[in-house]
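Here are some notes on the charged side chains, for your next look at the model. Please read them with the structure open.

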Amino acid sequence: MRSRTIPGSSGRPHPLRLLGDPALTGPCREVTAFDGELARLIEDMYASMYAAHGVGLAANQIGVPLRVFVYDCPDDEDRRHLGHLVNPRLVETDGPVVRGPEGCLSLPGIEAGTPRHDRAVVTGFSATGEPRTVTGTGFFARCLQHECDHLDGGLYVDRLSGLRRRRALRAAARAPWAAGAERTAATDR
């Protein structure tokens, strides 16, 4: 019998910030207090990620400008990776660069072939301040790189160029949720 609770089961889902929201464009601050408030944030992040049917979520996607992300993501061998990282740093990427489909909870329904390294290593801490190193390959490596980008104020569309970028931003501008996406797409023409 499992003695641990399911991540997010005591959390409260928050609305997601979408393309065009300033919360997504600036670098996030380091976490300095490893306390109950941080543990609650992580639970809320899991609940928000699961409610939106995602595989990863950064804190700024729910409007909290702290360096924290959660994930529940398979790799290419369909092994499940479940966890969180506080103050994560992408310390290594290697392997071939693969252009694969990538989406984002902050651009719902929009997907584009995005180049990412096939292996990534991220260091950080647990909610209680214990050091952690997470290594991912394939789709999980893509997830780790994606979430680290969020915490630095970036989105996957920032890694696109030319026609791929224009198509993704046009699709976002036409999406039903497109409040701020029109301004972003208009400045990229």
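**Charged side chains: points to check**

1. Glu102 and Arg116 are both buried. This is a predicted model. The two side chains form a salt bridge, with N to O at 2.8 Å. Glu102 sits in strand E3 and Arg116 in strand E4 (residues 111-125), so the bridge ties together parts 14 residues apart in sequence.

2. Arg142 counts as buried because its relative accessibility is 7%, and the cut-off is under 20%. Glu102 is buried too, at 4% relative accessible area.

3. Which residues are linked in the network of salt bridges? They are Glu102, Arg116, Arg142, Asp149 and Arg159. The count of salt bridges comes to 14.

4. Arg89 and Glu30 also meet in a salt bridge, 2.2 Å from N to O. The pair links distant parts of the chain, 59 residues apart: Arg89 is in strand E3 (residues 80-103), and Glu30 is in the segment before helix H1 (36-51). Arg89 is partly exposed, at 37% relative accessibility. Glu30 is partly exposed as well, at 36%.

5. Helix H3 (residues 162-174) gives the most to the patch, with 5 residues. Arg170 is located in helix H3. Its relative accessibility is 36%, so Arg170 counts as partly exposed.

Note on methods: Residues numbered from 1 in each chain as written. Predicted model: local features only at pLDDT ≥ 70, side-chain atom pairs only at ≥ 80, totals over all residues. Heavy atoms only, no water. Helix = DSSP H or I, 4+ residues; strand = E, 2+ residues; numbered from the N terminus. Buried < 20%, exposed > 50% of the residue type's maximum accessible area, 1.4 Å probe, protein only. Salt bridge = Lys/Arg side-chain N within 4 Å of Asp/Glu carboxyl O.
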